[in-house]
Amino acid sequence: MSKYAANTDVPADKSRSEIERTLSRYGATRFMYGWEPDAAIVQFEADNRTVRFILPMPDRGDRQFTHTPAKGQKRDAAAIEKAYDQAVRQKWRALALVIKAKLEAVESGITEFESEFLANIVLPDDQTVGEHMRPQIAAAYEGGGMPKLLPVFRPKPVDGS
């Protein structure tokens, strides 16, 4: 299966701008992005919720960039950079598509905002719902039981006196 926008010519900064324009068009009230060597972050506020996407960046030293796919020959620095930049462009195009599709699904009444963005909603402790729930989901599947979300309340039986 091929990746969406695997051969895109759209620069990463154009995709980031498109994300910002899309969010504005669909009523987001705040937007920010940042980056570090291994990831980029897009965060916005919409529907009274803060939403965060962490976009993992490829590793420049990965073999898919340092060597040719067909014969496995070592690439020169310019070829490595070109292959790496292509992968970065693809990731940004995919994120732009995901955000736009989710917002349009909400706008069209197909789903609700919280349902569509649930895993990416930021909780008061600065974790996303997904970050908070992934370990609990794994434990539930490993142990076969449901995690307790709230303390169990059992009223005392009335003894009839």
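Student: What makes β2 and β3 a pair, and in which sense do they run?

Tutor: Two strands pair if DSSP finds at least two bridges between them, and β2 and β3 have 8 bridges in the antiparallel sense, so they count as paired. Strands here are DSSP runs of E with at least two residues, helices are runs of H or I with at least four, and both are numbered from the N terminus. In the hairpin, with 2 residues between the strands, Asp 47 takes a positive phi near 50 degrees.

A word on the source: this is a predicted model, where local features need pLDDT of at least 70, side-chain atom pairs count only at pLDDT 80 or more, and totals for chains, interfaces and linings use all residues. Residues are numbered from 1 along each chain as its sequence is written, and side-chain values use heavy atoms, with hydrogens and water left out.

Student: Why is Asn 120 called buried?

Tutor: Buried means under 20% relative accessible area, exposed over 50% and partly exposed in between (1.4 Å probe, protein chains only). Asn 120 has 18%, so the residue is buried. Asn 120 sits in the loop between α4 and α5 (129–143).

Student: Which residues does Asn 120 touch, leaving out those up to four places away in sequence?

Tutor: With contact meaning heavy atoms within 4.5 Å, the list is Thr 50, Val 51, Arg 52, Phe 53 and Thr 128. The C-alpha atoms of Asn 120 and Ile 54 are separated by 8.9 Å, although these residues are 66 apart along the chain.
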